[in-house]
Number of protein chains: 4
Amino acid sequence: MKTGVWLIGARGNVAAVSIVGAKAVASGITETTGMVTAREPLSDLALPEVDDLVFAGHDIRSQSIVETAEAASASGGVPPQSTIEAVRSDVEAVDSRIKTGTAINCGQVVGDIAEGNAAVNQTVPDLVSAIRDDYESFVAEHDLDRLVVLNVASTEPPLENTDAYATADELEAAIENDDRALPASVLYAYAAVSEGHPYINFTPSTGSDLGGVREVARRNDVPHMGQDAKTGETLVKSALAPMFAGRNLRVLSWEGHNILGNTDGLVLDDEANKAGKVKSKDGLLEEILGYETQSRVRIDYTPSLGDRKTAWDHIHFKGFLGTEMKLQFTWEGSDSALAAPLVLDLVRLVAHADANGESGVQPQLASFFKSPMAYETHDLSQQFEQLREYAHTYLPET
Amino acid sequence: MKTGVWLIGARGNVAAVSIVGAKAVASGITETTGMVTAREPLSDLALPEVDDLVFAGHDIRSQSIVETAEAASASGGVPPQSTIEAVRSDVEAVDSRIKTGTAINCGQVVGDIAEGNAAVNQTVPDLVSAIRDDYESFVAEHDLDRLVVLNVASTEPPLENTDAYATADELEAAIENDDRALPASVLYAYAAVSEGHPYINFTPSTGSDLGGVREVARRNDVPHMGQDAKTGETLVKSALAPMFAGRNLRVLSWEGHNILGNTDGLVLDDEANKAGKVKSKDGLLEEILGYETQSRVRIDYTPSLGDRKTAWDHIHFKGFLGTEMKLQFTWEGSDSALAAPLVLDLVRLVAHADANGESGVQPQLASFFKSPMAYETHDLSQQFEQLREYAHTYLPET
Amino acid sequence: MKTGVWLIGARGNVAAVSIVGAKAVASGITETTGMVTAREPLSDLALPEVDDLVFAGHDIRSQSIVETAEAASASGGVPPQSTIEAVRSDVEAVDSRIKTGTAINCGQVVGDIAEGNAAVNQTVPDLVSAIRDDYESFVAEHDLDRLVVLNVASTEPPLENTDAYATADELEAAIENDDRALPASVLYAYAAVSEGHPYINFTPSTGSDLGGVREVARRNDVPHMGQDAKTGETLVKSALAPMFAGRNLRVLSWEGHNILGNTDGLVLDDEANKAGKVKSKDGLLEEILGYETQSRVRIDYTPSLGDRKTAWDHIHFKGFLGTEMKLQFTWEGSDSALAAPLVLDLVRLVAHADANGESGVQPQLASFFKSPMAYETHDLSQQFEQLREYAHTYLPET
Amino acid sequence: MKTGVWLIGARGNVAAVSIVGAKAVASGITETTGMVTAREPLSDLALPEVDDLVFAGHDIRSQSIVETAEAASASGGVPPQSTIEAVRSDVEAVDSRIKTGTAINCGQVVGDIAEGNAAVNQTVPDLVSAIRDDYESFVAEHDLDRLVVLNVASTEPPLENTDAYATADELEAAIENDDRALPASVLYAYAAVSEGHPYINFTPSTGSDLGGVREVARRNDVPHMGQDAKTGETLVKSALAPMFAGRNLRVLSWEGHNILGNTDGLVLDDEANKAGKVKSKDGLLEEILGYETQSRVRIDYTPSLGDRKTAWDHIHFKGFLGTEMKLQFTWEGSDSALAAPLVLDLVRLVAHADANGESGVQPQLASFFKSPMAYETHDLSQQFEQLREYAHTYLPET
């Protein structure tokens, strides 16, 4: 069962580390630490093997995947240089399958990165048609049993008027009429689900969250999910906030300061792009706590950190007898090492859903996202439990 | 429905703040922040009102409860001086009901604190008999509908040979034969459950964990639970560890350093007493993670902190592609402000269990303890869920 | 020897705590901890006694000093309520001497705080004249031997075109011609030094830093100093940065995040006012390190913190063999408790300088300021050494 | 001018990284970041070039220097593998000059590491004589102009009865009489200074601190210095403590917790060896602050950290009006990357002192040590200033 993986932003850090990592796992030179699907009970499901994943994708940069991986290795040690060497030819093969993508409405910084490569002068219907052709040629050429499309491109500025595309009809009319407000993420997502390919939005960009795309996915029985992979500060937040809620401790303020040094940081240094990100990171407190609290998320670009990301969170809370107390944490992670295994997990799990006739938004995948498109809770442990329950519905009783 | 609350260690910090706090809640001058039972769905249960709790207890110190509360207020601001003033006469009334307890096998430091007040020269059967009399006189005098016994005394050195008291027969024979190895916490617990009074062990001392006491509780249909209230570093640990497990991130080491300045800290500065505490704090990682990891818990006495307690935890973990990362946190809490509302919660919840015929160890109370005597998981969110489920079995469907 | 202390912003937090503190020190109910002049060798100098300081000042608020102190006490515990009680009548006497000041060019937020009280509609020459009258009436009424003027008002937006006022002539012409660009801090400072009163700029506002004011101070032999008292994050920075320099460790980035909850924080939440502050905090790294480095200072308003201020600094540095390492610190201080004793120190020390014929900018006071107007180094220990050397020139050999 | 460098513990981490680093600096493949002598004004002194250093030494392990460097590289990334490769043959040449040393009185763990290699069965006079022969053969064989002996071996348990060796006569009689209490560090130091070789004690072991060794050094006009290189937590302490002192802020408690994972950590895990270390780290606060304060230094062995060392310090202090505040820091460093450049600095600087007739203890080197054997202050900035002043006495006025 060959499963194609089409990555939007295939030459970015997360994609490069995912591809290198998948090849390294497949060849047994690295462990599966960090992959949720390598752990029981998910490891007992009939998921596509990492070895059977065939990678390709869109990008707007000319820098090769190996070059991106080497730069990431130099700036943060991930992946190790020796691992890149061991899988170099496999990764170069993926690189030869990368098509030039569009950066329409992705903001100024992304435009600069594109260096004129991006397809921006085509009409919207032509862009969609070209994307579809790229997907289908890949499926045909590699005789794939299934194709999963996954967006790991840099964060776009938020789409303002989402109501205008709330239905399939409205969206398809807008595409037809060359509506220049539509951002790249929506075009990629629409092209995927309209062709019947499962879609994952790893980013805070609009993607399949738009009403119109959701309707098309439902119509075509395609599973999809997003938004914005939960890999760092927000992951910790979703583990800690339930503690305050459960103990009836009142959070007076929750301040978060993120510093990061990779392209993601550079793009987010543009206030327009950052707007989408901060919104996404900031939503869960109110749901978990049950009340509004003073909350702020700062994201700053600190080039010296390379791929490393550090967050400092300061939580000021009140307990019994009006007593004020504090919890502070620092999280020092490698963005791509945290994200890459989740890319593989999500591909495998959405492929499983597709194979089993699950369609539409996939709530069992909520634990992977900062802003899950369908969910019962932001409580991380409860989200994990939901995923375990999903697995158990497909596993024989033991 | 008047519910008696008999506190072992009634003049200690936790007891004093619990009593002051209960009176302040009852008179409406403080909020119920920090009380789990003040939050839905528990607040919908038919629990004894805080106003209907009648306090008394044992202690070995001559310092009054008000004096303890004032010292705590001076050293850490909890409870506020104005709150103490407002409830002073109520608290003095409680003080008049305190009986001199025993500090047998509680270690040198506790012995020093007792200043000769403790009942140490009596035989074990006489001690048990005196404790029973204290319980029953209190019930009779105040015409109580129910008595809950709760241990908030300083941590004892661990009882070595617990196997020798694994059955009710063995334990009762040992008491009869004046076995001088039996520590105070066991005598108090045995006296409680043998008289049919629900018992809560808020400390890491042996208490009702002993096989013999458990058997007596079962025999008498008495609910009880322990050990060691989860109020600080371990609480955070039980919220964070499931994140590493669920994401298949490998914890390489988890180092914890606690500094605290109250009597608890002073007692724990004695290595013998500390042994019981560290053992209790250190158990949950392996269960949650599913493997053994390098783990250490340091507890140091820093008098300048007064009632404040600060923990620094350093978690070194490995992710995808062998990437090493870190999470560090500092927790700055007031020990008694965190513990006191849980005392009230546990009294109310174990009284509810008793009223509803639940007996033996109470697993739905696992979230309150570092070393729950019965539990399914140390995962804090799952433990909260278990408590919610318990509540829902007693609530009408909505 | 009665020394008058005229505070610009006399009803703000720092002023209120300074006044309460001075009265408390004078009456012996608090210690001098935090006062540099209470420590050898400065304590051996012939400084005005705290008891001999007579306070007055300008403000634009109607809230009294006692009210400010009580609000500060409620929100952060400083000063203790009992201390306020003990000195209440003394402080009320000060309050009766407060005159309405001007908030010209102090920004929108300060304008809002003024609630229409500030003198904004007068011409600039009239404002200066009124300020002078206020100073002189105070001196006359209280038969003062010396008057020190000290600015503790909220930070103004920076004055753009400082070159236009580089000389005494230019400045005085501008005042004469009702130049509406001149900010309040300059008017207060000019009025002080032109009347021969020593002046201290505790804030980042322009004050006596302007060329024209400096020239008037030199002409009149008046000592003065500023800018921006070094009380928190920058203090720590100036202690730590020399370590990196001296060990030839390369600072790759120095990120600072400040959260604070008092009026200072509220005013700084306005980007215009913040500009002055951030500029001032950020200057010392390059001087100490000897090269430019990535550096950022965030200041965010977190009301829940009250008068408390927390800074997180993350220092990423490179050592031998290209090894990357990190130092992080958190500083949790009370802004006014840190600032108030320095107000008393600076008054006493600039009065001493004046009494001893020292005039112009006072470099021995550099350790007190983030942006000292004259200095040899930002290295805190070296700055302390300079102050000790100043003291020793006035002390008999021992 | 060829300068020999004889390292006691030449196959340990610090030595290996020093040797690899020196070769890398000499061949221009790494920068001199971290070397104090690479910075003005020291870089203007006539110091031996790094290129002219010839390394040799004693050790008790059979593991080669390259193997140690490779293990350090694998566990903490220092030195980079590519650097080791580039200088491998040079380092192997050093390895061929390593002689088997003694581990007498170095404690159990060091004995275990020795695996029977150490010379323990010889008499003390024979050990001293053998060490001398090793020094002199090296000088002769390589035609060295000067030999510097530097101790970087693991920390010994402290020597109890130091008074018994307070004079040269007493020490020499003890050696003669085969006094089995003398530890290895004293024998190495005595052999060095008695032969006229400058000596540096990079460790907390006794070494040249003993009265008898000091006297021999003075008699022979030999410069020497120690003890215990200041590379991490204590370095930061000596930068921060002067801030509290200078501002008259009262330190209520200073708690330090160090976790580290290299051989140093393993050896310090033995309480006997740790005793020497903790004593050395803990001395400076009282001198800088001018009063005794609650202070504790914990050192724990956390193997997962490899060569990385993390310290958490919690400083609780009191300011004006009794206000309690806090400073906390975490220091995440590579022990050997911090220590190695100081090894090179100290060799160069003590060789300079020797060349210029400076003899006995060298106070200008105080900034390098936790427990400087002669010093005016522990204040880091003041110590740096002392070193600059030393340099300026040898530099032409500019």
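User: How many residue pairs are in polar contact across the interface of chain D and chain C?

Analyst: Happy to start there. A polar contact is a pair of N or O atoms within 3.5 Å; within protein, one must be able to donate a hydrogen and the other to accept it, and residues adjacent in sequence count only if both atoms are side-chain atoms. With that rule, the interface of chain D and chain C has 24 residue pairs in polar contact, both residues at pLDDT 80 or more. Please keep in mind that this is a predicted model, where local features need pLDDT of at least 70, side-chain atom pairs count only at pLDDT 80 or more, and totals for chains, interfaces and linings use all residues. Residues are numbered from 1 along each chain as its sequence is written, chains are lettered from A and ligands numbered from 1 in the order in which they are written, and side-chain values use heavy atoms, with hydrogens and water left out.

User: Which elements give two or more residues to the side of chain D that touches chain C?

Analyst: Helices (H or I, at least four residues) and strands (E, at least two) are DSSP runs, numbered from the N terminus. On chain D, those elements are α1 (13-26), α9 (233-246), β9 (308-318), β10 (324-334), α13 (335-355) and α14 (380-393). The largest share, eleven residues, comes from β10(D).

User: What area is buried between chain D and chain C?

Analyst: Buried area is the accessible area (1.4 Å probe) that two parts lose on being put together, summed over both. Here it is about 5,000 Å², and carbon and sulfur atoms give 61% of it. D:Arg247, D:Phe320 and D:Leu321 supply 19% of the area that chain D buries against chain C, more than any other three residues. Counting by contact (heavy atoms within 4.5 Å), chain D brings 66 residues and chain C brings 66 residues.

User: Do the strands β10 of chain C and β10(D) run parallel or antiparallel?

Analyst: Strands of a sheet pair through backbone hydrogen bonds, either parallel or antiparallel. Two strands pair if DSSP finds at least two bridges between them. Strand β10 (residues 324-334) of chain C and β10(D) run antiparallel and are joined by seven bridges. To find your place on screen, look for C:Thr330, which stands opposite D:Gln328.

User: What is the order of the strands in the open sheet of chain A?

Analyst: The seven strands follow the order β3-β2-β1-β4-β5-β6-β11, with parallel pairing. At the edges stand β3 (98-100) and β11 (360-361) of chain A; each has a single partner strand, so one side of each is left without a neighbour in the sheet. Inside the order, two bridges join β5 (residues 199-201) to β6 (residues 223-225) of chain A, and A:Ile200 stands opposite A:Met225.
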